[in-house]
Amino acid sequence: MVNPAEVDAVVLVGGMGTRLRPLTLSAPKPMLPTAGLAFLTHLLSRIAEAGIEHVVLGTSYKAEVFESEFGDGSKLGLQIEYVVENEPLGTGGGIANVASRLRYDTAIVFNGDVLSGCDLRALLDSHSSREADVTLHLVRVGDPRAFGCVPTDSDGVVTAFLEKTQDPPTDQINAGCYVFKRSVIEAIPTGRALSVEREVFPGLLADGKRVCGYVDSSYWRDMGTPEDFVRGSADLVRGIAPSPALKGQRGESLVHDGASVAPGALLIGGTVVGRGAEISGGARLDGAVIFDGVRVEAGAVIERSIIGFGARVGPRALIRDGVIGDGADIGARCELLRGARVWPGVQLPDGGLRFSTDV
Ligand code: GDD
Ligand code: MG
């Protein structure tokens with residue numbers, strides 16, 4: 001058995017979050033509000049709940065905002081340190097770069113954009129009882145091509161690591177959470193950018209290191225695309241996705257303090273309404289992620305979309321599967337469908353953009 005208080009956690013949060021632009025132009029992906037909290041809060045609260053105390057955040061893009069949000073970590077019952085990469089070092093470089101901050105012989109490394117219900121204590125115990133050099137949390141997904149494909153043998157030992165291959169031999173993928181022996185981290189080359197997925201893991205396998213897989217079927221989602229961000233947020237609101245940071249307040253929708261929702265507005269599908277937002281009568285929000293200070297006018301319809309800080313959605317506008325940047329202004333009756341993205345501050349005049357000729 002591993003004592004979690006003698007395990008370091010490392011969280012990689014240095015990516016640019018390009019697939020979530022334009023929202024990630026102003027905030028790094030792990031800091032985007034999800035069910036009313038910075039996304040990373042959900043992961044950090046799981047780490048704390050498992051009994052882990054020491055966390056190192058490997059930051060790069062917009063590094064300063066992490067420390068202003070989480071400080072020394074004491075509010076979450078953690079001791080948080082920050083290690084900044086002035087130039088992004090990649091996932092492998094980011095891990096190697098925190099080696100000097102590790103206190104114990106075992107480290108658990110997380111991608112900072114994953115929402116998961118994995119039992120971290122069971123993962124740590126599996127790593128120690130199987131005497132692995134590295135243990136990877138693995139999950140099965142419908143389409144493995146966007147992930148690291150990780151086949152294992154009949155003993156659950158990893159046989160290959162194939163990052164984002166078009167021809168995956170199995171539906172079993174890297175879930176973005178790894179337990180390392182500290183000595184393995186110390187042996188990763190420093191001083192240059194490298195990928196843990198493309199270089200470090202294949203190198204460990206070639207060197208005959210014991211890399212084990214830990215497969216489970218708990219909740220799992222990478223929040224890196226708008227579709228997944230919307231789904232993950234709705235799952236948190238509805239209590240489908242676990243988070244120790246959300247106590248009690250789960251349901252069809254979540255409305256934060258200082259927001260006003262007119263009678264006659266319909267909020268369903270795990271919709272979340274941020275602080276100070278105003279939702280007018282007749283608006284219909286289904287699976288919508290509404291950041292703080294947004295105004296949604298009468299009769300507007302928002303489905304499976306993210307509306308950035310302080311944006312306005314005009315009367316009877318329709319937004320479906322879209323992303324609206326901070327402070328954008330969507331005129332009355334505009335239609336934005338299927339992956340539409342509006343950049344921050346852009347103003348669309350009333351009726352100025354439609355996907356149909358219906359009035
Ligand atoms: N410190 C640091 N430095 N962190 C980084 C860097 C860097 O240069 N580049 C990326 N990260 C962080 C990101 O912020 C994110 O939290 C994590 O590393 C993973 O990066 P993503 O860009 O989200 O990778 P991905 O989703 O395409 O693929 C990864 O995750 C999948 C599971 O969600 C890979 O690990 C796949 O193998 C895996 O299946
Ligand atoms: Mg990701």
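I started with the pockets of this predicted model. The largest pocket is the space that ligand 1 takes up.

Helix 3 (90–96), strand 11 (172–181) and strand 13 (220–222) each give two or more residues to the shell.

I then went through the shell by residue. There are 26 residues around ligand 1. Those that come nearest are Gly 90, Glu 163, Asn 174, Glu 197 and Asp 222. I sorted the shell by residue class and got nine nonpolar, nine polar and eight charged.

The side chain of Glu 85 has an N or O atom 2.7 Å from a nitrogen atom of the ligand. Gly 148 uses its backbone: an N or O atom there lies 3.0 Å from a ligand oxygen atom. For Arg 19 I noted 3.5 Å between a side-chain N or O atom and an oxygen atom of ligand 1. The cut-off for a polar contact is within 3.5 Å.

How much of ligand 1 does the protein bury? Taken alone, ligand 1 exposes 740 Å², and the protein buries 90% of that.

Last, I turned to the aromatic rings. I counted six aromatic pairs. One of them joins Phe 147 and Trp 220. Their centres are 5.5 Å apart, with 70° between the planes. I logged the pair as edge-to-face, since planes over 60 degrees apart count as such.

What does this pair tie together? Phe 147 lies in the loop between strand 8 (134–140) and strand 9 (148–149), while Trp 220 lies in strand 13, so the pair links parts that are 73 residues apart in sequence.

Definitions and conventions
Residues are numbered from 1 along each chain as its sequence is written. Chains are lettered from A and ligands numbered from 1 in the order in which they are written. This is a predicted model: local features need pLDDT of at least 70, side-chain atom pairs count only at pLDDT 80 or more; totals for chains, interfaces and linings use all residues. Side-chain values use heavy atoms; hydrogens and water are left out. A residue is near a molecule or strand if one of its heavy atoms lies within 4 Å of it. A polar contact is a pair of N or O atoms within 3.5 Å; within protein, one must be able to donate a hydrogen and the other to accept it, and residues adjacent in sequence count only if both atoms are side-chain atoms. Accessible areas come from the Shrake-Rupley method with a 1.4 Å probe; for residues, only the protein chains shown count as cover. On a 1 Å grid over the protein atoms alone, a cavity is a set of points where a 1.4 Å probe fits but cannot get out, and a pocket is an open set with protein on both sides within 12 Å along at least five of seven lines; lining residues have an atom within 4 Å of a point. A molecule sits in a cavity or pocket if more than half of its atoms lie within 2 Å of its grid points. Helices (H or I, at least four residues) and strands (E, at least two) are DSSP runs, numbered from the N terminus. Ala, Val, Leu, Ile, Met, Phe, Trp, Tyr, Cys and Pro count as nonpolar, Asp, Glu, Lys and Arg as charged, and the others, Gly among them, as polar. Rings of Phe, Tyr and Trp (its six-membered ring) pair if their centres lie within 6.5 Å; planes under 30 degrees apart count as stacked, over 60 as edge-to-face and the rest as tilted.
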